[in-house]
Every structure is written in C-alpha cells, then in structure tokens.
Amino acid sequence: MNALFPDGFRWGAATAAYQIEGAAAEDGRTPSIWDTFSRTSGTVRNGDTGDIAADHYHRVREDVALMKELGLTDYRFSLSWSRVQPTGRGPVNQKGLDFYRGLADELLDAGIRPVATLYHWDLPQELEDAGGWPERETAERFAEYAGLAAEALGDRIATWTTLNEPWCTAFLGYGSGVHAPGRTDDAAALRAAHHLNLGHGLAARALRAAVPASAELSLTLNLHSIRPVSSSPEDADAARRIDAVANRIFLDPVFHGRLPADLVEDTTGITDWAFVRDGDLEVISTPIDSLGINYYTPTVVGAGVSESPSPYPGAPDRVRFEPAPGSRTAMDWPVDADGLHELLVRLRDELPGVPLMITENGAAYDDYADPEGAVHDPERVAYLDAHLGAAHRALADGVDLRGYFLWSLLDNFEWAYGYGKRFGIVHVDFASQRRTPKDSARWYAEVIRRGGLAR
Ligand code: FCB
C-alpha cells in the first residue's frame, strides 16, 4: 500500500536569496554580511562568493517553469534585505521590490503558492557595522523592513516566514564564527539570539498589521533532534544543555513567553541577560500560524569537552558531540530519518495546536552529469524517501504536519562550503548556468503526482 499524504498537503522546494540570485551589485542592491564575509580570505572554500550564484535573478521564468514541471504546490524563497531596502534603512528600492513582485507573479500564474522568508542570513553590511544582531536596534530595523515588504508584496505572498534558523545566525555568525559576520564572542551570540527573537516578534506584529487576514505568519527553526549517548545523568545533562541553547532558547520565548531558567543558569559566566527588557517576551510571543522546521541530521551528545570556539555557549567544557551511526552525505552528516520523526512527535506534545511545516530537508551528494547529460542521484532519492517516510509516520502518530519543502530546488552557494556541496534536485552547471533535473527531481515529481510514497 502506498504511503499517501492528506489532501491539501503542501509539496514544496526551498532556496535562499544569497545562495541562488547572484546579481549582487545590480539594480541598487548593497552588500550584505555574506558579500563581505565571502570576500574575506579563508572563510569560504575555494574563495567562492554569491556574486553570480545560480544567476536566478536573470532566470526567474525558466526556474518557475521548472517548478511547474515538477508539480510543486509551494515555493519557499527568501528576500534579500539589502535589495529591498539598501543599507537596511530608509526608503525601499523599487527595482529590488519589482524583482520579488515579478517572481511572485510568475509563481501565482503557475499555480504555485509563494512562501517568503524575510531573513535568510544576509544582514545589510551597514547594520553589522552599527553592531549587528547583538544590538537591539537591528531588531527594530528588521521590523521596519518587514513592514515595507508586507506593504509592497502583501497581496501576493501566501506565507511569511520572519527568520530562517536564528540559531545559525546567532551561534555560527557570532559564536563559532564559521558564518558571516565571523565573530567569536559568546556574550554577543546570546545577545544576538535574544534580539533575533525580538526582531521576530516585532516583525510578526508589523506583518499582521499590513497583510491580508488570509496570509499566514511563521518562523523557521533548525531544531536539534538530540540523543544522549547513554542514560547516565551526566549524558542526560549534556543533552539538556544543548536542548536549552539550541531549541528552548527559541521555542520558550516564542511559544511560551519565557526564557528557559536552566539556560540563564548555564550561561551565568557569560552574561546576566540584562539586555532582556520588560515587555520583550510579550512581543516575542506574538501568536503565529505555524512553525517551520529544518531537519538534516540528529545531534548525539555525551558528557565531555568539545571544540572551541563553540556554537553552544555554556556547553563546551561539559558536552562532547559524536557522529550518529550510519551512512553519511557529502557534508559528512549522518543519515538518520528517525531523528525527524522524534522531533515532530516531541513538537506534537510540546506545542499542541501549532501546525508544523518541514521547511527544509535534503542532502548533498557529489553529483555530476554523465556523458549523456543525465544526473543519477540514487542516494538522494533514498534520503528523501526515508525522510518523507518518517514524516508520514509522524502524521499517522497525530502530528499536525501541513507540508514538506525539499532543500533545495537548485544546486547553489552552500555558505562556507561554497559551490562544492550540491543539495539541488536540479543540477546547475555553474559555468553555463544550464539546469538539468536530476533523477531525484523526476522522483519527487512522481511523489507529488501520486500524493505520497510508493510502498
Ligand atoms: C540550512 C540552511 C540552508 C542550507 C541548508 C543545507 O541550515 O538554512 O540555507 O544551507 O542548511
């Protein structure tokens, strides 16, 4: 019997502005922290930048036609803040907005719902120069930008996502420094996490005031599916610490209007949290319509010591990380679909009444076009099949899961890994910009047509 998904289930694919658009200096766009970071030597493999990327800025028609051919019901993309509002302050850039209007119109013409993320890591450089996310003002600027985007595009966007993976912004950007802006300061990273939460809440209010009642508001988190290596109290405590600084640091303020007490305790040597002002948690817990989850691989932890600088403030001298068993993707990430099921079931119990979307899931493999021009990617098909299978089991277990967005539509600029890691179901030859659907694209189209998995 096939594993079919409910009627109305959203079948999508996801991308992000800096990873695919290119046109970095066109039509009024100003640099973001990723333009600066990728130009700093030693930060991105091979010295790659997003200057051209998959040249999506000039290929919207062709790319939306591909989506239509695949049968996508939804497309998740992000807006480049410095294209819409150069330098992060002041008036909108009409040409930048026109690009997103045009994209949304193409999607709507093709019968595909536009799902827009306001922030997928590309802070305007001027705002970083003024202090970046550790400063409260960045949250206020973000809300202003959200309001401008909502006014201009509100009639076209079905779902608005405020932030993509604020954990990465805060802790990879300001903690371990492997992402832009490349700072290594635990106190700044924790401040950033709070101001990202605040920015989310303020933006949710600005959006709600400007968009039609039918538009949905959401937030996407890369929640960690955490497993302790044993049931010993020491290993359980390691898991609790990571849960606090990776998951509950966002879930508790956003859905319960509180800061996790154990997180505050774990980080006393780093900050006193005095930057959290009266009323902030109320703003942060402004109701939203769904939660987006990005899942790739589980996090296995035990008591011990991990590398420094670490993206987990308050944990490096208490927690060690171990790879999960099993096969690995080209990112060296273990393949473990049960982690997705565990996460969804946990959220069913912790956040009753909050609809869930898987806003990213997928895998990088070393794909290449063979002499006939075909791209065979059986490992990706197996990965996707297993994870959609886990999502299907979660639905059977009563999880209110509304949709699945595969990462990614196109091969693209994979942040610090540059173009070396290919996540697309559509192969991109970056020299010619030729798009070739991989076997996984055909497979996904068939899943969508069938409404689920062949079993
Ligand atoms: C996520 C990011 C996305 C992509 C995937 C592989 O953390 O949101 O942009 O890079 O990982």
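**Entry 1: the model**

I began by reminding myself that I am reading a predicted model, and I kept the residue numbers as they run from 1 along the chain.

**Entry 2: around the ligand**

I first asked which residues surround the ligand. I listed Gln-19, His-120, Trp-121, Asn-164, Glu-165, Tyr-296, Glu-360, Trp-407, Glu-414, Trp-415 and Phe-423 as its surroundings. When I sorted this shell by class, I wrote down five nonpolar, three polar and three charged residues.

For Glu-414, I noted a polar side-chain atom 2.7 Å from a ligand oxygen. For Gln-19, a side-chain N or O atom is 2.8 Å from an oxygen atom of the ligand, and for Trp-415 I wrote down a distance of 2.9 Å between a polar side-chain atom and a ligand oxygen. On its own the ligand has 290 Å² of accessible area, and the protein covers 95% of that.

**Entry 3: the largest pocket**

Where does the ligand sit among the pockets? I found that the space it takes is the largest pocket, for which I noted a volume of about 1200 Å³. There are 42 residues in the lining of this pocket, and those closest to its centre are Trp-167, Leu-172, Thr-297, Tyr-312 and Trp-333.

I also looked up which helices and strands give two or more residues to this lining, and they are α8 (166-172), β9 (299-303) and β10 (319-322). The largest share, three residues, comes from α8. By class, I divided the lining of the largest pocket into 24 nonpolar, 11 polar and seven charged residues.

**Entry 4: the backbone**

Before looking at single residues, I wrote myself a reminder that most peptide bonds are trans, and that most residues other than glycine have a negative phi.

One runs from Ala-180 to Pro-181, with omega near 5°, and I placed Pro-181 in the loop between α8 and α9 (186-210). Another runs from Ser-308 to Pro-309, with omega near -5°, and Pro-309 lies in the loop between β9 and β10.

Last, I checked Thr-87, which is not a glycine and yet has a positive phi of about 70°. I found Thr-87 in the loop between α4 (81-84) and α5 (94-109).

Note on methods: Predicted model: local features only at pLDDT ≥ 70, side-chain atom pairs only at ≥ 80, totals over all residues. Heavy atoms only, no water. Near = heavy atom within 4 Å. Polar contact = N/O pair within 3.5 Å; in protein donor to acceptor, adjacent residues only side chain to side chain. Areas by Shrake-Rupley, 256 points an atom, 1.4 Å probe, with all protein chains shown as cover. 1 Å grid on protein atoms, 1.4 Å probe; cavity = no way out; pocket = protein on both sides within 12 Å on 5 of 7 lines; lining within 4 Å. Sits in = over half its atoms within 2 Å of the grid points. Nonpolar A, V, L, I, M, F, W, Y, C, P; charged D, E, K, R; others polar. Points joined across faces, edges and corners; volume = space filled by probe spheres on them. Helix = DSSP H or I, 4+ residues; strand = E, 2+ residues; numbered from the N terminus.
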